[in-house]
Amino acid sequence: MESQLPTADFLGFESLLAGHEREKLQDVRDFLAKEVAPRCAEWWNRAEFPHEILPKLAGLNLSTPVQQGYSHLFSGLVIAEMTRADTSIATFFMVHHDLFVEALHMFGSEEQKARLLQDAMDLRITGAFALTEPLHGSDVAGGMATTATRDGDSWILNGAKRWIGNGTFCDYMLLWARDTETGGVRGFILDATLPGVTRTTIANKTALRTVQNADITLTDVRVGESDRFAGIETFNDTRQLLLGSRILVGWQAVGQQLAAFDVARQYAVERHQFGRPIAGFQLVQDQLVTMMGNTTACLGVMAHIAQLQEQGASDMPQAAFAKSFTTARMRETVALGRGILGGNGIVTDYGMAKIFADAEAVYTYEGSYEINSLIVGRALTGISAFA
């Protein structure tokens, strides 16, 4: 009976996909149901990353789907479905494929692509995206302190990065540094095992515990000119990547809400109080309707953003709006879901506690709610309110 009820995609946005995309999305769901959903709470509780699933994840053949001819809507729904199963696995996928691998597609030389691209797409090697610094997050464009100094056919890198997803175990990082001669921002393919690279796990997190975030310290790290991204000359090149990844975080916010609705509705139907399911009480039904409404509104925003991407018409204010709007709705949705579960909403045994906690990371990364709102505000008024 439960499986026949409508999902939080109440208006059926998934029907906009082409037939082969719907079939592939079902393959993704089947994989997640078998390989991820049964064990993700265990990984999260132990703060351990399941390296053993990487060959199976690679078997989906979904590295940078748009590069393979899939639609932006399909690409977004893949991230939503991954997040619905486990936000941490979705975050790993985005960092590796939609930042590191996408950067190879966009900015890599032919030699760099020949050397790394196929192995990265097939997850034989893993990548990270090293931009944020200990003292520079929102202002990293102007405040980047990590430096790159040319020395013959090499570059010497010094500085520090923080919150680097996959950073403890990745083989390579797309690392951003300021050229000490020109002041411009450059990108490098950094072998994470080079002398002078120190990686330290960020411990005691209350969100995305499966994701292995790292503090990175660079002390006179020497990289060859052949490992500089030839296609990256300024921070504007960084923004091309961040526009796409910020939109995908909007899709993560959709996935968080799909997950919260799934758990809350099932619990409300099965949990009995006062002699009947709590789903039969008006206040609980109103909360479920609000959760569904938030999710559907976010799906509508993201589906139209995907249409704009297909037309090559999406821009950073639209991406910032997508991220800020969907994550604000997400926060309300997961809070309602946590409330429906009562005391059981704060233990990972029931799923909702993990969803609730992980939502806080989604709310913050790829630009905080406030920063993204100011980007939209600047677009609306023509006046910058940034300090």
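## Aromatic pairs

Phe49, Phe92 and Phe169 are joined into a cluster by ring pairs. Rings of Phe, Tyr and Trp (its six-membered ring) pair if their centres lie within 6.5 Å; planes under 30 degrees apart count as stacked, over 60 as edge-to-face and the rest as tilted. This is a predicted model: local features need pLDDT of at least 70, side-chain atom pairs count only at pLDDT 80 or more, and totals for chains, interfaces and linings use all residues. Residues are numbered from 1 along each chain as its sequence is written, and side-chain values use heavy atoms, with hydrogens and water left out.

The structure holds 10 aromatic pairs. One of them is Phe49 with Phe92: the ring centres lie 5.0 Å apart and the planes meet at 50°, so the pair is tilted. Phe49 sits in the loop between α2 and α3 (54–58), and Phe92 sits in helix α5, so the pair ties together parts 43 residues apart in sequence. Helices (H or I, at least four residues) and strands (E, at least two) are DSSP runs, numbered from the N terminus. Phe49 is buried at 9% relative accessibility. Phe92 is buried too, at 1%. Buried means under 20% relative accessible area, exposed over 50%, and partly exposed in between (1.4 Å probe, protein chains only). Tyr70 and Phe74 make a stacked pair, 4.4 Å centre to centre with 20° between the planes. Both Tyr70 and Phe74 are buried.

## The largest pocket

The largest pocket holds about 1,300 Å³ of space. Its lining has 44 residues, and Thr132, Thr364, Tyr365, Glu366 and Gly367 lie nearest its centre. Elements giving two or more residues to this lining are α5 (87–107), α7 (140–143), β3 (154–164), α8 (235–270), α11 (352–364) and α12 (369–381). Helix α8 provides the largest share, seven residues. By class, the lining has 22 nonpolar, 13 polar and nine charged residues.

Pockets and cavities are found on a 1 Å grid over the protein atoms alone. A cavity is a set of points where a 1.4 Å probe fits but cannot get out; a pocket is an open set with protein on both sides within 12 Å along at least five of seven lines. Lining residues have an atom within 4 Å of a point. Grid points are joined across faces, edges and corners, and a volume is the space filled by probe spheres set on the points. For the classes, Ala, Val, Leu, Ile, Met, Phe, Trp, Tyr, Cys and Pro count as nonpolar, Asp, Glu, Lys and Arg as charged, and the others, Gly among them, as polar.

## The second largest pocket

The second largest pocket has a volume of about 810 Å³. It is lined by 33 residues; Ala37, Arg84, Ala259, Asp262 and Val263 lie nearest its centre. Helix α8 again gives the most, with eight residues. At least two residues each come from α1 (19–36), α2 (40–46), α4 (72–85), α8 and α11.

This lining divides into 14 nonpolar, eight polar and 11 charged residues. Domain 1 (13–106 + 116–122) and domain 3 (237–381) each supply at least three of its residues. The domain bounds come from an automatic or database domain assignment.

## Two cavities

The structure holds two cavities of 30 Å³ or more.

Ala58, Asn61, Ser63, Gln68, Met121 and Asp122 line it. Two of these are nonpolar, three polar and one charged.

## Annotated spans

UniProt (unreviewed entry) lists "domain: Acyl-CoA oxidase/dehydrogenase middle" at residues 128–221. That span is 4% helix and 50% strand, with its end C-alpha atoms 17 Å apart. The UniProt annotation "domain: Acyl-CoA dehydrogenase/oxidase C-terminal" (unreviewed entry) covers residues 240–380. This span is 78% helix and 3% strand, and its end C-alpha atoms lie 21 Å apart. UniProt positions follow the numbering used here, feature names are shortened, and annotations may be inferred rather than shown by experiment.

## Positive phi

Most residues other than glycine have a negative phi. Ala47 has a positive phi, near 55°. Ala47 lies in the loop between α2 and α3 and is partly exposed, at 27% relative accessible area. Phe274 also has a positive phi, near 55°. Phe274 is in the loop between β8 (272–273) and β9 (276–277), and counts as exposed at 80% relative accessibility.
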